[in-house]
Amino acid sequence: MFLKDPDAVLDYQVDWAAAISGGQAVVASSWAVSPVESGGLVVLESGLDGAMARVRLGGGVVGHVYEVRNRAGFSDLTVDERSLVLRVEDR
């Protein structure tokens, strides 16, 4: 579990290198936050750098816990997903 201040804008990443096999590549990445709520945690920007999926997150309600999911698509048309858990606290 990661801790985040509601005023902080922070970067997180998922490294898919260990999940891919020879000749396979990460070709797509999308991010989703749950729950979606007013004043909640939001995706500000995201990107893909080789096998590294990156996301910049902002906001969040103090005391709330969020699941941030990264869904990756691979060159062989398979799909996988990883989740991060963040708790928002005044820091």
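Q: Which residues is A19 in contact with, leaving aside its neighbours within four places in sequence?
A: In this predicted model, A19 touches Q24 and R82 once those neighbours are set aside.

Q: Where is A19 placed?
A: A19 is in the loop between β2 (9-15) and β3 (26-34).

Q: What does A19 count as, in terms of accessibility?
A: A19 counts as partly exposed, because its relative accessibility is 34%. Buried would need under 20%, and exposed over 50%.

Q: How far is A19 from A51?
A: Their C-alpha atoms are separated by 9.2 Å. Along the chain, A19 and A51 are 32 residues apart.

Q: Back to R82. Which residue does R82 form a salt bridge with?
A: R82 pairs with D80. The closest N and O atoms are 2.9 Å apart.

Q: And what is the relative accessibility of R82?
A: It is 35% for R82, so R82 counts as partly exposed. D80 has a relative accessible area of 27% and is partly exposed too.

Q: How many salt bridges does the count come to?
A: The count comes to seven salt bridges. One of them joins R56 and E45, whose side chains meet at 3.9 Å, N to O.

Q: Which strands does that pair link?
A: R56 is in strand β5 (residues 52-59), and E45 is in strand β4 (residues 41-49). The two residues are eleven residues apart, and the pair links distant parts of the chain.

Q: What are the relative accessible areas there?
A: R56 is partly exposed, with a relative accessible area of 30%. E45 is partly exposed at 47%.

Q: Which residues are linked with E45 and R56 in a network of salt bridges?
A: D11 is linked with E45 and R56 in that network.

Q: What about R87? Which residue does R87 form a salt bridge with?
A: R87 bridges to E89, and the closest N and O atoms are 2.9 Å apart. R87 is partly exposed, with a relative accessible area of 28%. E89 is partly exposed, with 27%.

Q: Switching to rings. How many aromatic pairs are there?
A: The count comes to two aromatic pairs. F2 and Y12 form an edge-to-face pair, 5.5 Å centre to centre with 70° between the planes.

Q: Where do F2 and Y12 sit?
A: F2 is in strand β1 (residues 2-4) and Y12 is in strand β2. They are ten residues apart, and the pair links distant parts of the chain.

Q: Is each ring residue buried or partly exposed?
A: F2 is partly exposed, with a relative accessible area of 40%. Y12 is buried, with 11%.

Q: And W16 with F74, why is that pair edge-to-face?
A: The planes of W16 and F74 are at 75°, so the pair is edge-to-face. The cut-off for that label is over 60 degrees. The ring centres of W16 and F74 are 5.7 Å apart.

Q: Where are W16 and F74?
A: W16 is in the loop between β2 and β3, and F74 is in strand β6 (residues 65-74). They are 58 residues apart, and this pair links distant parts of the chain.

Q: What does W16 count as, buried or exposed?
A: W16 counts as buried, at 1% relative accessibility. F74 counts as buried at 5%.

Q: Staying in β6, what about N70?
A: N70 is in strand β6. N70 counts as buried because its relative accessibility is 0%.

Q: Which backbone oxygen does the side chain of N70 reach?
A: The N70 side chain reaches the backbone oxygen of S30, at 3.2 Å.

Q: What else is N70 in contact with?
A: Leaving aside neighbours within four places in sequence, N70 has contacts including V14, W16, W31, A53, D80 and R82.

Q: How many bridges join β3 to β6?
A: Eight bridges join them, and the strands run antiparallel. S30 stands opposite R71 in β6.

Q: And how many join β6 to β7?
A: Nine bridges join β6 to strand β7 (residues 79-88), and these strands run antiparallel. V68 stands opposite L84 in β7.

Q: Which residue takes a positive phi in the hairpin of β6 and β7?
A: L77 takes a positive phi near 75°. That hairpin has four residues between the strands.

Note on methods. Residues numbered from 1 in each chain as written. Predicted model: local features only at pLDDT ≥ 70, side-chain atom pairs only at ≥ 80, totals over all residues. Heavy atoms only, no water. Buried < 20%, exposed > 50% of the residue type's maximum accessible area, 1.4 Å probe, protein only. Contact = heavy atoms within 4.5 Å. Salt bridge = Lys/Arg side-chain N within 4 Å of Asp/Glu carboxyl O. Phe/Tyr/Trp six-rings, centres within 6.5 Å; stacked < 30°, edge-to-face > 60°. Polar contact = N/O pair within 3.5 Å; in protein donor to acceptor, adjacent residues only side chain to side chain. Pairing = 2+ DSSP bridges.
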